[in-house]
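Please look over the sequence and the structure shown here before reading on. The briefing begins with the whole chain and then turns to particular residues.

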Amino acid sequence: MQIPLLRLQCGVNSYDWGKVGQESTAAKYASITAGSDFSIESEKPYAELWMGTHPSLPSKDLETQRTLLDMVQDNQALISTEVSERYGGKLPFLFKVLSIRKALSIQAHPNKKLAEQLHAKDPRNYPDDNHKPEMAIAITPFEGLCGFRPLAEIVHFLNTVGPLRKLIGEQAVGEFERVVKGSEGSEDEAVIQRNKDALRSLFTTLMQSTPENVEAAAKELVTLAESSGENFATSTSSPETNPSNAAELAALVTRLNGQFPNDVGLFVFFLLNFVKFQPGEGMFLKADDIHAYISGDIIECMASSDNVVRAGFTPKFKDVNTLTDMLTYSYAPIEEQKLEPTNYPYAILNVPAYSSGSSAVLYDPPIEEFSVVKTDLRRTGAKATFDPIAGPSILICTGGKGKITVGHKTEEVQEGYVFFVGADAECIIENTGSGEDDENVFTTYKAFCDLTGKEGMVNGD
Ligand SMILES: [Zn+2]
């Protein structure tokens with residue numbers, strides 16, 4: 001039987017928000033395996049490297065130039081019969097590297113049922129009938145917006161940022177304040193539901209502002225940000241994970257206005273958690289969770305789908321009514337969406353790995369389609385042996401040098417190399433770099449699907 005280790009050639013998308021030319025990690029990685037027809041253009045933005053079987057940008061086996069989709073459909077065993085039957089002969093997940101220069105649209109991804117409806121109604125803007133829960137892990141310092149802020153924080157900004165209050169209007173703001181006052185932290189379900197309804201109504205009013213009103217308010221907002229940034233500080237009760245530095249937040253508003261002048265997103269900013277991640281920190285976004293990425297490079301993993309409902313910071317198709325309808329309106333500090341990695345017990349480290357503080361950690365969102373293991377091997381000869389998994393994996397190296405062995409096949413690994421590892425195969429990775437210092441770290445991310453024990457899971461909804 002063929003040994004299930006394939007080096008993949010992956011393509012990169014050129015969306016406007018991507019980092020430009022050689023600055024783009026996604027482009028660098030694509031160029032490392034691309035055929036001779038790909039070279040990085042110095043002025044062009046490169047946004048997303050795609051690793052998987054999605055037909056919009058399918059990965060190929062480098063050696064034979066066949067698409068991975070073609071290969072797994074030809075040979076079900078590569079992804080396991082169970083996974084193949086459940087996901088129609090495709091990988092259940094899409095793995096990506098994103099290089100973000102300017103903010104992505106404020107967005108949410110539909111749940112399964114809504115995805116089916118949207119796709120049936122408007123297949124051009126909603127190309128898939130699948131849901132798209134997604135996970136992001138920073139590989140360079142990252143900024144983003146994620147979920148609604150705690151209510152006390154929203155009330156605080158409605159009172160300190162004049163142009164925000166003015167744009168939404170005294171009536172809608174007053175109504176919101178009246179409902180949530182004194183119950184911002186309540187854990188009573190009926191009260192939480194009432195508060196979510198109030199938030200929905202506040203957010204919907206904001207999103208329905210006329211372009212003229214948004215433009216006038218944005219001008220006032222930027223003037224305020226440039227003159228007296230102290231209004232932008234979060235309240236003293238703000239959760240520690242939300243950056244509270246007034247000057248930083250004011251500068252960010254000015255930066256975002258430079259990217260998307262007079263955009264309603266500048267105001268949505270005050271309703272959402274602003275987060276900063278260091279490499280290795282990540283978050284999971286359920287279906288219908290609002291978010292926007294602002295800057296940095298990330299590893300992203302999602303159910304294999306390309307459905308996005310957008311409402312701001314974008315020149316693309318916006319569907320404000322669908323977005324305001326679909327959102328969960330959960331309001332909570334970012335800690336609740338952050339995904340803390342845990343020790344991964346199915347990779348055995350050898351002595352050099354163990355003694356050098358090497359690690360294999362698991363990011364495991366509550367869905368069946370994917371999990372991700374990050375491995376840092378911190379010394380030459382440090383090795384991790386992964387138990388076979390009853391499903392497919394895709395591995396990418398983001399730093400250092402090493403090798404990967406599956407069965408009798410061993411391949412060299414460098415930053416940007418991507419491999420497919422078939423189901424039920426043991427996989428060994430080893431640091432072959434030189435030096436003893438912090439520079440010699442062989443880092444890989446491995447996305448995989450293993451349905452064992454996940455029978456009762458409700459697809460992330
Ligand atoms: Zn998204």
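What follows is a short briefing on this structure, grouped by topic.

This is a predicted model, in which local features need pLDDT of at least 70 and side-chain atom pairs count only at pLDDT 80 or more, while totals for chains, interfaces and linings use all residues. Residues are numbered from 1 along each chain as its sequence is written.

**The chain as a whole**

- The protein chain holds 13 helices and 25 strands, where helices (H or I, at least four residues) and strands (E, at least two) are DSSP runs numbered from the N terminus.
- Because its radius of gyration (taken over C-alpha atoms) is 23 Å, close to the 23 Å that the globule rule gives for 461 residues, the protein chain is as compact as a globular protein of that length; the rule itself is 2.2 Å times the number of residues to the power 0.38.
- Taken along the principal axes, the C-alpha atoms of the protein chain fill a box of roughly 70 × 50 × 45 Å.
- Of the 461 residues in the protein chain, 51% are buried; a residue is called buried if 20 or more other C-beta atoms lie within 10 Å of its own, exposed if 12 or fewer, and partly exposed in between, with C-beta atoms placed from the backbone.

**The annotated binding site**

- According to the unreviewed UniProt entry, the annotation "binding site" covers Gln107, His109, Glu134 and His291; UniProt positions are given in the numbering used here, feature names are shortened, and annotations may be inferred rather than shown by experiment.
- These residues are spread over 185 residues of sequence, yet they cluster in space, with a largest C-alpha distance of 12.0 Å.
- His109 lies in the loop between strand S8 (106-108) and helix H4 (112-121), and it counts as buried because it has 26 C-beta neighbours inside 10 Å.
- Not counting residues up to four places away in sequence, His109 touches His131, Lys132, Glu134, Ala287, Asn307 and Val308, where contact means that the two C-beta atoms, placed from the backbone, lie within 7 Å.
- His291 is found in strand S13 (residues 291-303), and His291 is buried because 22 other C-beta atoms lie within 10 Å.
- Among the residues that His291 touches, leaving out those up to four places away in sequence, are Gln107 and Cys146.

**The largest nonpolar core**

- A nonpolar core is a set of buried Ala, Val, Leu, Ile, Met, Phe, Trp, Tyr and Cys residues joined through C-beta atoms within 7 Å, and of the 138 residues in the largest one, Ala26, Phe93, Val253 and Phe419 touch the most other members.
- Strand S13 supplies the largest share of this core, eight residues.
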